[in-house]
Amino acid sequence: QLQLAESGGGLVQAGGSLRLSCAASGRTFSNYAMGWFRQAPGKEREFVAAIRCNGDGTYYADSVKGRFTISRDNARNRVYLQMNSLKPEDTAVYYCAADANHCYSDSSYYRLRGNYDYWGQGTQVTVSS
């Protein structure tokens, strides 16, 4: 079983930045592709970003491309989401997720939340206007 724990959420003004972190434990972290998803009130959970097992491929939703950056540190068992130029519409609970079966897939696979095996509890991000 892989455990995931997000941190780094909070309240920020529009145009500001936040860095989310997701700490993994329980299994070999480098065996998992990682994703970030978010869910706003009354909306479905949506794909934000994903990264391959060794970090050689990253993928983004169009809504965050150019503003958010996903990265990982396999030595520290962590995945990060650097969020810049935040907008009120970025307000949501952000979740990290791990996929055990496809280390080297592509965007069409990673953007589907049903493909992920493990999920964290989420961290709230609120962007004020």
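The structure holds two disulfides. Keep in mind that this is a predicted model.

**The Cys22–Cys96 link**

- The torsion about the S-S bond is about 45 degrees, so the Cys22–Cys96 disulfide is right-handed.
- Both Cys22 and Cys96 are buried.

**The Cys53–Cys103 link**

- The other bond pairs Cys53 with Cys103, and here the sulfur atoms are 1.8 Å apart.
- Cys53 is in the loop between strand E5 (46-51) and strand E6 (58-60), while Cys103 is in the loop between E9 and helix H1 (107-110), so the pair ties together parts that are 50 residues apart in sequence.
- This link of Cys53 and Cys103 is left-handed, at -95 degrees about the S-S bond.
- If you number the bonded cysteines of the chain in sequence order, the pairing reads 1-3, 2-4.

**Leu4, Leu81 and the core**

- The largest nonpolar core has 40 residues, and those touching the most other members are Leu4, Met34, Trp36, Leu81, Met83 and Tyr94.
- Leu4 belongs to strand E1 (residues 3-7).
- Leu4 has 9% relative accessibility, so it counts as buried, the cut-off being under 20%.
- Setting aside residues up to four places away in sequence, Leu4 touches both Cys22 and Cys96, and its other contacts include Met34, Tyr118 and Trp119.
- Arg78 is 74 residues from Leu4 in sequence, yet the two C-alpha atoms are 9.2 Å apart in space.
- Leu81, leaving out neighbours within four places in sequence, has contacts that include Leu18, Leu20, Trp36, Val48, Phe68, Ile70 and Tyr94.

**Positive phi in two loops**

- Asn77 isn't a glycine, but its phi is positive, near 55 degrees.
- You'll find Asn77 in the loop between strand E7 (68-73) and strand E8 (78-83).
- Asn77 is partly exposed, at 27% relative accessible area.
- Ser85 also has a positive phi without being a glycine, in this case about 50 degrees.
- Look for Ser85 in the loop between E8 and strand E9 (92-99).
- Ser85 counts as partly exposed, with a relative accessibility of 41%.

Notes
Residues are numbered from 1 along each chain as its sequence is written. This is a predicted model: local features need pLDDT of at least 70, side-chain atom pairs count only at pLDDT 80 or more; totals for chains, interfaces and linings use all residues. Side-chain values use heavy atoms; hydrogens and water are left out. Helices (H or I, at least four residues) and strands (E, at least two) are DSSP runs, numbered from the N terminus. Buried means under 20% relative accessible area, exposed over 50%, partly exposed in between (1.4 Å probe, protein chains only). Contact means heavy atoms within 4.5 Å. A nonpolar core is a set of buried Ala, Val, Leu, Ile, Met, Phe, Trp, Tyr and Cys residues joined through side-chain atoms within 4.5 Å. A disulfide is a pair of cysteine sulfur atoms within 2.5 Å.
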